[in-house]
Amino acid sequence: MEDNGPSAKRQAKKGLLERLSEGVIVGDGGMIWTMEMRGYAKAGKYTPEVCVEHGDAVLQAHREFVHNGADIIQACTFSSPQHSENAVDGVAINNAACALALQAASEATDSVLVAGGLNKSTAYMDGAGKEAVVAEFLRQMDYYIRNDFDFVVAEYFDYLEEAVWAVEVLKQSGKPIMATMCIGPDGDLTGVSAEECAVRLAQAGADVVGVNCRFGPRLCLDTVAKMKAGLLAAGIQQIHLAVQPYGYLTPDASATGYLALAEYPFAVDARTLTRVEAHKYATEAYKLGVRYIGGCCGFEPRHIRAMSEALQDVRGHMAPVTKRYGTWYDSLNDKVTIKSSPNYWLQMEPATGRPKSSAVSMPVRDEEECYIRNRGHTMAG
């Protein structure tokens with residue numbers, strides 16, 4: 001009997017690597033962060049019980065990212081389910097997350113790929129050794145194999161060693177692999193350079209390498225530029241670059257990124273990226289040679305819209321929202337005003353509205369202690 005279900009529909013689509021070779025992909029935003037801002041998750045741990053308790057909210061967020069131009073839906077799964085709040089079963093969370101991602105993809109009018117991610121393991125943070133870490137990764141990867149996801153992601157790693165182990169495990173899936181680390185221009189937390197991180201991830205078998213989260217767009221792009229240089233110096237050319245930054249401005253971030261910011265987590269709103277800044281970020285990333293351009297924690301549908309519209313000429317298609325309403329700046333075209341020009345917005349420097357606020361802040365006193373306290377917080381996709 002012919003299979004006309006969601007799985008067959010996905011198999012008929014162009015895959016990740018084919019799309020990256022032909023053009024650019026716009027990723028989605030940070031699902032669990034979005035859930036917390038909407039009242040469906042707890043800040044600090046950011047664990048996705050919402051997939052079981054309020055699946056409609058997760059499904060709606062997936063829909064909004066796709067409506068605003070995302071080419072990817074990353075399931076809101078959880079790599080460390082033993083740390084779930086309220087004793088919600090981790091297996092139930094991940095099964096629900098996978099089902100919701102697949103449902104959202106099946107509803108999309110444009111071709112959308114579905115991804116599943118691994119990130120830092122509790123076993124590695126506890127010093128349990130490679131065997132225990134690999135076992136944790138294998139358990140998580142099984143969800144993506146059973147659900148026939150389009151590709152797999154190793155993300156949010158601040159230690160190269162663990163990231164390499166994750167890539168080695170993901171190779172067993174037979175799926176395309178994207179590997180991104182939550183590092184800044186200075187490299188991982190042991191001092192391995194960004195250049196070396198990119199080379200080692202590629203050598204381990206990653207098809208796409210880059211960075212995600214922890215740092216805002218500027219520092220993420222600086223880091224990816226170093227990665228690109230490292231890959232070229234090593235003679236590695238058949239690989240794609242990815243960037244998915246933190247959705248806040250972090251020029252004063254140190255090695256652990258946002259974790260040491262005085263405003264994290266309850267006052268980082270003051271550093272929120274505007275949609276104009278998201279537009280600029282996407283344009284600059286493309287010029288750098290990055291072809292997988294998305295967002296992580298703090299990136300909302302409006303940011304994805306601005307990014308997709310900034311790239312729509314090279315993407316070759318419009319986001320559903322753009323087809324219906326035009327670009328984010330088109331709404332003012334019927335008015336004779338300087339604000340109807342996109343150049344007005346792209347050249348402006350927005351004010352904060354806080355007369356006594358500063359451009360940057362002092363980090364928390366003990367950055368190491370801040371990082372240790374956040375070891376249990378495992379970001380979902």
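Helix 8 passes helix 9 in a right-handed crossing, where right-handed means that the near helix is turned clockwise from the far one by less than a right angle, and left-handed that it is turned anticlockwise. The axes of helix 8 (residues 130-146) and helix 9 cross at roughly 50 degrees and come within 10 Å. Helix 8 is therefore oblique to helix 9; angles under 35 degrees count as roughly parallel, over 145 as roughly antiparallel, 65 to 115 as roughly perpendicular, and the rest as oblique. From helix 8, Lys130, Val133, Val134, Phe137, Leu138 and Met141 make the contact, and from helix 9, Glu162, Trp165, Ala166, Glu168, Val169 and Leu170. Contact here means heavy atoms within 4.5 Å. By class, the residues of this contact of helix 8 with helix 9 are nine nonpolar, no polar and three charged. In that division Ala, Val, Leu, Ile, Met, Phe, Trp, Tyr, Cys and Pro count as nonpolar, Asp, Glu, Lys and Arg as charged, and the others, Gly among them, as polar.

The model is predicted: local features need pLDDT of at least 70 and side-chain atom pairs count only at pLDDT 80 or more, while totals for chains, interfaces and linings use all residues. Residues are numbered from 1 along each chain as its sequence is written, and side-chain values use heavy atoms, with hydrogens and water left out. Helices (H or I, at least four residues) and strands (E, at least two) are DSSP runs numbered from the N terminus. Axes are lines fitted to C-alpha atoms, for helices over the stretch in contact, and angles run from 0 to 180 degrees between N-to-C directions.

Helix 8 also holds glutamate 136. With 8% relative accessibility, glutamate 136 counts as buried; buried means under 20% relative accessible area, exposed over 50%, and partly exposed in between (1.4 Å probe, protein chains only). Its C-alpha atom is separated by 9.5 Å from that of tyrosine 124, twelve residues apart along the chain.

In the loop between helix 8 and strand 4 (151-157) lies aspartate 148. Aspartate 148 is not a glycine, yet has a positive phi of about 50 degrees. Its relative accessible area of 23% makes aspartate 148 partly exposed.

Helix 9 (residues 160-170) has a contact with helix 10 (residues 194-204) as well, and here the axes come within 9 Å and cross at roughly 20 degrees. That angle makes helix 9 roughly parallel to helix 10. The crossing of these two helices, helix 9 and helix 10, is right-handed. Leu160, Ala163, Val164 and Val167 of helix 9 meet Glu196, Cys197, Arg200, Leu201 and Ala204 of helix 10. Seven nonpolar, no polar and two charged residues form this contact of helix 9 with helix 10.

Leu201 leads on to the core. The largest nonpolar core has 103 residues, and Leu201, Val243, Tyr246, Tyr264, Ile293 and Met307 are those with the most contacts inside it. A nonpolar core is a set of buried Ala, Val, Leu, Ile, Met, Phe, Trp, Tyr and Cys residues joined through side-chain atoms within 4.5 Å. Not counting residues up to four places away in sequence, tyrosine 246 touches Trp33, Cys213, Arg214, Phe215, Gly216, Pro217, Tyr258, Tyr264, Val268, Cys297 and Phe299. A second, separate core of twelve residues includes Leu20, Ala115, Val153 and Tyr292.

Most residues other than glycine have a negative phi, and most peptide bonds are trans. Arginine 214, however, has a positive phi near 65 degrees. Its place is in the loop between strand 6 (208-212) and helix 11 (217-233), and at 1% relative accessibility arginine 214 counts as buried. The peptide bond from tyrosine 264 to proline 265 is cis, with omega near 0 degrees. Proline 265 sits in the loop between strand 7 (240-244) and helix 12 (275-288).

Helix 12 in turn packs with helix 13 (residues 301-310) at an angle of about 40 degrees, their axes 8 Å apart. Helix 12 and helix 13 are therefore oblique to each other.

Over the protein there are 17 helices and eight strands, and buried residues make up 54% of the 381 residues.
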